[in-house]
Amino acid sequence: MENLKRLYVKAGLFLAIALCPIYISMWYNQHILASIFLTLMSSLSFYFVIKLLKSNTKLKNELRKNLYIDLNTKLPNRLKLLKDNKKLDPNIDSTLIIINIDSFQNTNNFYGHNFGDKFLKVIGEWLSNNLPPVEASLYKFEADIYAILIRVPFSEYNLKKYLKKISMKITKDRIICDDVEVDTTLSIGAHQGKKSLLKLASIACKEAKNKRLSYMIYDKSSHKEAEYHHNMTMNHTLKEALAKDYVVPFFQPILNLRTNEIEKFETLMRIKKENGNYYVPAEFLEVAKHSKIYSKLSMSLIQKAFETFQISSSGFSINLSYLDMTNIVTTTFIIEKLEEFNVGPWVIFEILESDGIENYEAIAKFIDQVKSYGAKIAIDDFGAGYSNFERLTELRVDFIKIDGSLIKNIHQNEETKIIVKTIVNFAKELNIKTIAEYVHSNEVLMCVNEIGIDYAQGFYIGKPHPELPTNAQ
């Protein structure tokens with residue numbers, strides 16, 4: 001590029017200098033001399049034009065070359081792999097290996113980006129020196145991802161042997177960058193086949209990383225491709241639901257076993273389908289939690305629940321996950337809505353006990369805030385997780401919802417009944433109310449009533465419904 005700029009400057013100076021003697025010759029009527037200068041200038045101009053064309057061709061070739069090269073490591077990039085992939089023999093199974101450096105972001109943050117770039121070069125060189133013993137090409141993708149393409153037949157046995165070898169070797173070799181030794185491990189995914197190499201190898205790599213395995217070969221019988229397709233489709237569906245206001249609150253009644261009246265309702269999330277049916281949380285919640293959509297769904301449900309119960313005499317509860325209570329945007333939204341709708345004394349925030357709370361200080365702070373508005377706290381799914389009794393007092397819990405796994409067969413299982421009795425007696429000592437979930441029959445209802453549980457919830461009491469009963473409004 002710099003050479004081309006210099007050439008343009010030279011051409012401009014040449015024209016400026018060459019025109020001067022022609023102009024002077026014409027001024028003094030020296031037409032022959034002017035013709036000589038003009039011929040000379042034309043020849044030199046032709047020379048410069050040819051040189052410019054050659055420079056442009058060279059520049060285009062350089063740009064084309066750089067399009068397929070990772071500028072940091074000088075290795076072929078993702079675009080080059082996609083180009084090479086089109087040239088693969090359709091009759092031969094090829095192998096693609098995707099390699100991801102574990103904890104690279106930590107290394108990059110700790111030592112700085114310049115060190116990170118050098119470290120990526122070091123890993124690139126290490127991989128180049130440890131390629132499979134067959135015809136193979138190394139590529140550098142974005143961030144800390146590399147790929148190895150094997151165009152020739154490579155047995156699954158040899159592939160496993162190779163993946164195991166490099167996984168172990170990189171932990172034993174001294175990986176040194178700028179005199180700093182960096183402990184390095186890799187997450188590796190591979191796929192062998194005639195199509196979808198990049199997609200399926202990437203899926204295997206993500207699985208290896210999620211399961212903390214050194215490597216994983218894509219299992220055609222695992223249906224992971226269908227699962228990833230479902231997740232992508234559901235993610236799009238959830239975005240559409242927010243845009244079209246398809247987040248719908250359903251309300252399930254909670255029976256007071258002392259008064260035999262419906263006293264509260266649990267607010268449950270549903271996503272409306274185009275055909276008028278609904279997605280239940282089991283179909284979309286995990287997808288939502290792994291995207292930025294989750295907090296928006298939570299806030300939409302909270303808004304609608306507050307609007308509904310602002311004009312109702314009944315109490316209501318809303319499930320909050322650990323993600324909700326540690327997300328500053330969501331917690332700020334909740335506080336703002338408590339002030340706006342003034343429903344604090346009627347709302348119960350249900351904390352999922354099975355979530356496994358890690359930051360109790362953040363949760364305790366949130367609980368203090370909402371309790372200052374009169375809100376109450378329930379532990380949901382109690383008995384499904386670690387059932388930490390000690391934390392109940394720290395979190396200032398008002399209700400314990402006993403998990404359905406302990407309730408559904410309580411009328412037939414004496415051991416389960418003893419466990420539930422223990423929870424109920426402990427709760428009474430702390431002045432905490434208990435709610436039995438999954439009450440699906442009269443037999444179960446009679447049993448939980450006999451044990452001394454305060455409230456019952458389940459299909460026998462009432463199924464979730466998008467409308468509140470008339471007497472609850």
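Modeller: One definition to begin with: a charge sits over a ring if NZ of Lys or CZ of Arg is within 6 Å of the ring centre and within 35 degrees of the ring normal. Also, this is a predicted model.

Biologist: Ok. Which ring does the charged end of Lys 83 sit over?
Modeller: The ring of Tyr 68, with the charged end of Lys 83 at 4.6 Å from the ring centre. Likewise, Lys 140 lies over the face of Tyr 146, 5.5 Å from the centre of that ring.

Biologist: Back up a bit. How many helices and strands does the protein chain have?
Modeller: There are 17 helices and 16 strands. The chain has 473 residues, and 45% of them count as buried. Of the contacts with a separation of 6 or more, 67% are between residues 24 or more positions apart.

Biologist: Back to rings. How many aromatic pairs does a search of the whole structure find?
Modeller: The search finds 10. One of them is Phe 250 with Tyr 278: the ring centres are 4.9 Å apart.

Biologist: Why is that pair edge-to-face?
Modeller: The planes of Phe 250 and Tyr 278 are at 75 degrees, and planes over 60 degrees apart count as edge-to-face.

Biologist: Where in the chain are the two?
Modeller: Phe 250 is in strand S8, residues 247–256, and Tyr 278 is in strand S10, residues 278–279. They are 28 residues apart, so the pair links distant parts of the chain.

Biologist: Is Phe 250 buried or exposed?
Modeller: Phe 250 is buried, at 9% relative accessibility. Tyr 278 has a relative accessible area of 29%, so it counts as partly exposed.

Biologist: Which residues form the aromatic cluster?
Modeller: Phe 251, Phe 306, Phe 309, Phe 316 and Phe 341 form one cluster.

Biologist: New topic, helices. At what angle do H9 and H10 pack?
Modeller: About 125 degrees, with the axes 7 Å apart. That makes H9 oblique to H10. H9 covers residues 281–289 and H10 residues 293–309.

Biologist: Which residues meet there?
Modeller: From H9, Leu 285, Ala 288 and Lys 289; from H10, Ile 293, Tyr 294 and Leu 297. By type, the contact has 5 nonpolar residues, no polar ones and 1 charged.

Biologist: Last one. Where is Thr 422?
Modeller: Thr 422 is in helix H16, residues 414–429. Its relative accessibility is 47%, so Thr 422 counts as partly exposed. The C-alpha atoms of Thr 422 and Ile 451 are separated by 9.9 Å, and the two residues are 29 apart along the chain.

Conventions. Residues numbered from 1 in each chain as written. Predicted model: local features only at pLDDT ≥ 70, side-chain atom pairs only at ≥ 80, totals over all residues. Heavy atoms only, no water. Phe/Tyr/Trp six-rings, centres within 6.5 Å; stacked < 30°, edge-to-face > 60°. Helix = DSSP H or I, 4+ residues; strand = E, 2+ residues; numbered from the N terminus. Buried < 20%, exposed > 50% of the residue type's maximum accessible area, 1.4 Å probe, protein only. Axes fitted to C-alpha atoms, helices over the stretch in contact; angles between N-to-C directions. Parallel < 35°, antiparallel > 145°, perpendicular 65-115°, else oblique. Contact = heavy atoms within 4.5 Å. Nonpolar A, V, L, I, M, F, W, Y, C, P; charged D, E, K, R; others polar.
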